Amino acid sequence: MRRWFILGALGVAAPAWWVLAVGAQPETRRPHFTDVAGKSSFTYRTDNNFTGRKYFPQTMCGGVAAFDFDNDGHMDLFFTNGAKLPELEKTDPRFYSCLLRNRGDGTFEDVTAHAGLLGKDLGFSFGVAAGDYDNDGYEDLFLCNAGRNTLYHNNGNGTFTDVTELSGIGKKPKDILSVAAAWFDYDNDGKLDLVVSNYTVWTPEIDKICAVNGQEYYCHPKIYPSVAHRLYHNLGNGRFADVTDASGLGTELGKGMGIAIADFNGDGYMDIFVANDTVRNFLFVNQKNGTFKESGYEWGVAYDENGNAHSSMGADAKDYDNDGFPDLFYNNLKGQIWGLFRNMGGKYMSYVSGMSKVSRLSEHSSGWSNGFVDYNNDGWKDMYSSNGDIDDMGAISRQPDTMFENVDGKEFRDVSTQLGADFAHAGFQRGSAFVDLNNDGFQDLVVTALFERPRILMNSADNGNHWLLVNTVGHRSNHDGIGAALKLTTASGRTLYNHVTTSDGFMSSSDKRVHFGLGAEKAIESLEIRWPSGTVQTLKKVKVDQILTVTEPAK
Amino acid sequence: MSGLKTGANCARLDKLKHVPPRLGKTVAVFLVVACGLFGQSSDAVLQQAIALHQAGDLDGAIRAYREYLAVQPDSVQARSNLGAVLARAGRYDEAIAEYDIGLQKSPDNPALLMNLGLAYYKMGRHAEAAARFERAITLSPQFKEQVTLLLAVCYNNLGRYKDALALLAPLESDKAGDAGFDYLYGTALIGDGQGAAGTAVIKRILSKGESAEAYLLRGTLELTAHDRDGARADLEKAVVMNPRLPGAHARLGELLLVLGDSEPARAAFAQELALDPDEFTSNLNMGVLAKQDQGYVEARRYLERALRTRPNDPGVRYQMANVDLATGNLEPARLALEGMIKEAPDFAEAHASLATVYYRLKRSADGDRERAISEKLMDQRDSLAAGTKPR
């Protein structure tokens with residue numbers, strides 16, 4: 001009675017309010033993220049040595065890798081760092097790299113020095129890629145630098161050895177800025193090869209000063225030359241051959257940023273997408289004979305739909321709509337539109353930024369690292385981006401990260417502000433990795449930002465959804481199983497797809513274990529794995545909510 | 001032939017208001033052939049029609065002219081008069097149809113061409129209007145003075161700023177200070193990239209007090225010079241001072257798009273189109289935004305409207321071709337892009353899109369060729385623009 005009396009007293013407005021109240025749907029509970037970096041003792045902060053003078057590479061700093069270097073079942077973290085400029089040397093410990101060992105209790109131990117990964121002798125570092133290139137069961141690291149690139153071999157005893165010279169992988173044209181790399185087995189010979197995304201030719205001596213009204217700004221990339229990306233073929237025995245020209249990569253000149261590795265056309269061979277900054281993007285389609293054909297035009301991913309090349313930054317290729325074909329997502333700068341491309345049956349890509357609402361959601365953000373990640377375990381991969389402007393020239397230069405939640409594989413909605421204050425932190429965010437740090441089946445995030453300590457964002461994992469993490473161990477294929485394609489069918493018949501890769505976003509390397517969110521589904525009917533060797537392995541009646549290690553059959 | 005006599009002295013100027021803002025004393029005209037020089041056989045119906053027309057009974061006049069034309073279908077004068085009264089009634093489509101019939105009988109009739117041009121002008125179909133005005137002036141140079149400012153408006157709207165300047169610059173010494181003239185002239189100067197001269201004109205307008213037109217011009221200039229804060233302040237002032245000022249909402253919309261505020265930009269374009277459904281910039285940008293949203297039917301509708309205003313605009317045609325490409329209509333896309341490239345061989349984006357079309361049509365060699373051309377053109381353009389501003 002009282003309720004009706006109040007409604008009546010509200011007069012004309014009351015019915016409208018009443019209708020709204022009745023029509024409102026309860027919001028699905030969303031996990032949120034909490035930064036636990038403060039619980040651990042380490043000194044690393046991303047330091048690009050900005051002291052007033054704006055050197056061109058300073059905008060790119062803070063690569064991150066999530067990998068289990070000691071095989072204790074807990075994913076560890078590695079961060080790259082900048083250098084003193086113009087010396088281009090790590091003259092001070094504040095420029096050193098950082099390896100954090102995951103203790104498994106929510107804290108991390110700085111073991112960089114013991115591991116031999118300080119990188120005192122390196123220049124300015126950008127990206128990092130983790131992968132077991134020698135199939136010894138321990139994850140190795142490749143670092144992209146201004147100056148020589150570096151391959152660290154994991155000795156299996158908590159230490160690493162710089163094997164760059166011996167391996168032959170350090171060879172690259174003089175003064176090239178290498179910014180990102182991806183491990184993959186392009187010829188399916190069971191050994192991981194490496195593709196490196198190069199940006200331009202640069203040294204402190206040729207650095208240009210750009211200014212307007214006396215205020216210096218980071219120069220437009222177009223004043224620096226485009227260069228070829230590089231491909232290194234793993235010969236075995238720890239040696240690599242530079243096959244850039246022989247493979248066909250050498251003829252295409254770009255300004256490389258993020259790399260996404262996937263089998264876009266379903267032919268069993270991994271292809272390469274490279275996001276280029278202010279230059280058209282490249283899609284190198286594997287010709288299955290050791291060569292690649294740059295097919296960005298054919299596939300419709302070279303430009304946006306207006307023929308414009310944007311400042312493409314991070315890149316990731318995963319199947320966001322669960323149709324069995326990996327799709328593509330690259331981010332770029334404020335005022336541009338992030339590219340979401342839907343794979344049309346392995347034949348070409350359709351630009352769907354508009355119909356998926358990504359165009360409207362992304363126009364205010366300057367994205368760097370990115371990726372598809374099913375943060376809420378509902379079975380739909382969401383779109384994450386670490387954000388922050390190139391330069392500090394306006395009120396909204398510092399930006400929060402964004403999470404666009406996947407709505408039934410058709411469109412996305414921005415839920416960034418609902419993921420907690422730590423997620424919403426505004427900064428000049430750069431690198432990012434997806435990783436399950438506490439093995440609870442929910443994806444955590446590690447994000448670097450210029451001038452700051454990294455955020456280690458733990459997923460609250462509290463919405464009750466189920467999951468499966470698959471740790472692939474190759475036998476005839478590469479030990480990591482990178483390139484293996486997984487198809488999961490739930491008891492209800494829902495099919496989910498993913499593949500093994502550590503490369504996503506920009507300058508970063510993620511947890512290699514394949515993650516599936518299952519929503520409310522409590523049973524998996526089958527899990528099919530197509531290994532790079534061609535072997536197809538099917539597991540039936542797989543239990544949910546577990547980390548499942550699957551070893552490739554010997555035959 | 002009817003009993004109507006013909007002759008240049010048979011024309012009377014019937015004043016009609018026109019749309020360009022602040023054109024002051026400028027007068028646009030529909031020419032009404034009605035000076036009463038009828039022969040013995042002159043038709044009472046026609047006289048009645050003219051009388052009704054002059055008395056302002058438009059419906060009655062239309063009925064009477066039509067009645068007369070049913071008997072005398074070849075009467076160019078009656079046809080012209082009917083067009084004029086239809087135009088006066090705002091029934092421009094019908095007026096244009098009557099003028100077109102008249103021009104079939106008398107293709108070089110400058111009065112008919114002028115009237116037809118005015119009808120198109122009133123509809124905002126500036127390309128068609130300009131073509132008729134130009135032809136009328138060629139045939140009868142005495143019309144030039146009457147039509148100069150209208151033609152300049154057309155040229156400005158068509159982006160033919162150099163042509164507008166050719167008409168307006170000789171008039172500056174006489175007309176400087178006339179707000180309408182200054183606005184037109186300033187628009188042409190800024191459109192032509194003559195920022196300094198445009199600024200001088202803006203100062204001249206502002207010296208007579210604040211005006212929305214001056215702020216619109218200055219905002220446009222600032223937008224061109226990448227002074228986004230200045231542009232925003234001036235353009236917002238312009239729309240507040242005169243929300244009905246043609247082009248002001250469209251320019252503000254363009255700025256908002258540059259700033260990455262697509263929702264307010266959409267609203268600004270929508271406001272402009274509420275004032276003038278044929279406004280070019282707003283139709284083009286609404287088309288592009290709709291295309292961006294993959295609303296291809298809507299995009300096509302806006303772009304077609306933009307094309308009606310500027311039939312050969314390469315930007316709009318390119319967007320239309322990309323709608324075809326995106327919707328899998330490869331043949332229409334190919335034809336359109338090939339046509340564009342023939343007209344504008346340096347259109348790098350068109351080459352890029354055409355490369356994709358060829359690849360999708362499995363014409364790899366053609367795709368390779370277009371791709372190479374596109375990349376070469378883009379490289380050349382990049383080398384010219386490199387490092388000029390922060391990104």
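Two residues are in contact if their C-beta atoms, placed from the backbone, lie within 7 Å. This briefing applies that rule to a predicted model.

**The surroundings of B:Ala164**
- B:Ala164 lies in helix α8 of chain B, which spans residues 161-168.
- Leaving aside residues up to four places away in sequence, B:Ala164 touches B:Ala152, B:Tyr155, B:Asn156 and B:Ala188.
- B:Ala164 has 27 other C-beta atoms within 10 Å; because 20 or more are required for the term, the residue counts as buried.
- B:Gly191 stands 27 residues from B:Ala164 along the chain, and their C-alpha atoms are 9.9 Å apart.

**The packing of α14(B) and α15(B)**
- Helix α14 (residues 248-258) and helix α15 (residues 262-275) of chain B pack at an angle of about 165°, and their axes are 8 Å apart.
- The two helices, α14(B) and α15(B), are therefore roughly antiparallel to each other.
- The crossing of α14(B) past α15(B) is left-handed.
- Residues of α14(B) that meet α15(B) include B:Leu252, B:Leu256 and B:Leu257, while B:Ala265, B:Ala268 and B:Phe269 are among their counterparts in α15(B).
- By class, this contact of α14(B) with α15(B) comprises 8 nonpolar, 4 polar and 1 charged residues.

**The contact between chains A and B**
- Chain A contributes 29 residues to the contact and chain B contributes 22 residues.
- On the side of chain B, the elements giving two or more residues are α18 (314-326), α20 (348-360) and α21 (364-385).
- The most come from α20(B), with 6 residues.
- The side of chain B that touches chain A has 9 polar, 7 nonpolar and 6 charged residues.

Conventions. Residues are numbered from 1 along each chain as its sequence is written. Chains are lettered from A and ligands numbered from 1 in the order in which they are written. This is a predicted model: local features need pLDDT of at least 70, side-chain atom pairs count only at pLDDT 80 or more; totals for chains, interfaces and linings use all residues. Helices (H or I, at least four residues) and strands (E, at least two) are DSSP runs, numbered from the N terminus. Ala, Val, Leu, Ile, Met, Phe, Trp, Tyr, Cys and Pro count as nonpolar, Asp, Glu, Lys and Arg as charged, and the others, Gly among them, as polar. Axes are lines fitted to C-alpha atoms, for helices over the stretch in contact, and angles run from 0 to 180 degrees between N-to-C directions. Angles under 35 degrees count as roughly parallel, over 145 as roughly antiparallel, 65 to 115 as roughly perpendicular and the rest as oblique. A crossing is left-handed if the near helix is turned anticlockwise from the far one by less than a right angle, and right-handed if clockwise. A residue is buried if 20 or more other C-beta atoms lie within 10 Å of its own, exposed if 12 or fewer, and partly exposed in between; C-beta atoms are placed from the backbone.
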